[in-house]
Amino acid sequence: MLIYSKNNNNYYDIFYNRIIFPIKNLQGQIIGFGGRSLENKEPKYLNSPDNIFFHKRNELYGLYEVKKESILLEKILVVEGYTDVISLFQFNIKYVVAILGISITNEHIKKLFQITNQIIYCYDGDNAGRKANWNSLKISLSHMVCGKQIKFLLLPDGEDPDSLIKKKGKIIFEQHINKSLSFSDFFFKILISKINIKNCEGKAKFINLALSLIHNIPDYIFQINLIKKIGEKIGILNFFEIYKLILQKNNKKKILNNNYLNNFKKTTIRMLISLLLQKPKLIKIIPEFKLFKTSNINGLKFFIELIHICNKKKITTVQILEKYRGTKLKKPLETLAIWNHMIPEEEIEKFFIHLINKLKMHLLEERQEYLIFLERKEGLNIEKRRELWLINKNLAKIKTKF
């Protein structure tokens, strides 16, 4: 719509004295227009009024052209202005879109994450741009899931993408892109700039503000890493205490609730799964041990499955958890992934071997009971008698280690 009427009698050109930019949907159809002021008149950007076809909360300028370049892009830059998009495209940076004179929205982020796994916010180097960066971070919190990244390209004071690329060219501009701050680096950079953490009051304010934001992130492992980073920033190294703070702060207990964590019974197999989940490199020190078809230790089958997963390739905790996303194992595995066993780092391998020996003993005792039962019921042949003798011998050897 270019001509607008307030009362059906008086018509006026809403884009008077503005450069007009057509806005397309993902099918390439023009659904609205954007206008940029020629005389720095406010508002700087003006769009067609929302209607049945056009909602600026849902649309991004240049998204149709970006999607034509590739079905799935490595990254997408989000800028403030239409001219920024055009200039960057002219310099062959064809992975850039612009918001339509408003803040980034949840709808925008969902659309972008359908065609890329990495969004880079690149706003103007002025106060408005800095505020837009922080606002974009807060809106992005609920979209931080495993495999998705948010970054921030902070431009020099007084520069915007259009002016910078015209002054410096594509190579220098892409160097700026490659130096974009990660979500976590930007998160703590801004918080520390806002709060003096040199005194107790400042540290308390810092913790409360950080945790109030972090609890909106759905990726539990990312949450944990951010909480650990809080401890590093303020000099509190006891992660478990900080973790309890987030549970108290988050009434909805999106991560885990205290009762669930405290009632999680410690068993040998659970502790083995938890440690291997937290430190997949422990796979290197797991010795071979014999399994019996008659064994029915709860969790043993999954522990063996986890060993096979860790044996196949170099794998991380996040990758293992992602493998079980959407299954009934998701919640217990997330619990085990952050279970604090209160073991010094240098003692973990030794404790893990201790648990493996304990599991061996459980397996042998279980088999021993089965063979004794079998002997009383129907007697044992020579082969099973020898097996029972070897089990008794091995059990005696293992028990000397406890």
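**Salt bridges and nonpolar cores in a predicted model**

Let me start with lysine 229, which is partly exposed, its relative accessible area being 31%.

What does the side chain of lysine 229 meet in a salt bridge? The partner is glutamate 232, with a distance of 3.3 Å from N to O. Both residues sit in helix α8, residues 220–234, and because they are three residues apart there, about one helical turn separates them. Glutamate 232, for its part, is exposed, with a relative accessible area of 52%, and since exposed means over 50%, that value falls in the exposed class.

By the rule used here, the count comes to eleven salt bridges, and I would like to take you through two further ones.

In one of them, the side chains of arginine 57 and glutamate 107 meet at 3.4 Å, again from N to O. This pair links distant parts of the chain, 50 residues apart: arginine 57 belongs to the loop between β5 (45–47) and α1 (63–69), whereas glutamate 107 belongs to helix α3, residues 106–113. Arginine 57 is partly exposed at a relative accessible area of 44%, and glutamate 107 is likewise partly exposed, at 32%.

The other is formed by arginine 130 and aspartate 157, whose closest N and O atoms are 3.1 Å apart.

Let me now turn from the charged side chains to the nonpolar ones. In soluble globular proteins, nonpolar side chains tend to be buried together. In this model, the largest nonpolar core has 66 residues, and the members that touch the most others are Leu77, Val78, Tyr121, Phe173, Phe183, Phe187 and Ile230. If we leave aside residues up to four places away in sequence, which residues does phenylalanine 187 touch? Its contacts are Trp134, Leu137, Ala210, Leu213 and Ile214.

Methods:
Residues are numbered from 1 along each chain as its sequence is written. This is a predicted model: local features need pLDDT of at least 70, side-chain atom pairs count only at pLDDT 80 or more; totals for chains, interfaces and linings use all residues. Side-chain values use heavy atoms; hydrogens and water are left out. A nonpolar core is a set of buried Ala, Val, Leu, Ile, Met, Phe, Trp, Tyr and Cys residues joined through side-chain atoms within 4.5 Å. Buried means under 20% relative accessible area, exposed over 50%, partly exposed in between (1.4 Å probe, protein chains only). Contact means heavy atoms within 4.5 Å. A salt bridge is a side-chain nitrogen of Lys or Arg within 4 Å of a carboxyl oxygen of Asp or Glu. Helices (H or I, at least four residues) and strands (E, at least two) are DSSP runs, numbered from the N terminus.
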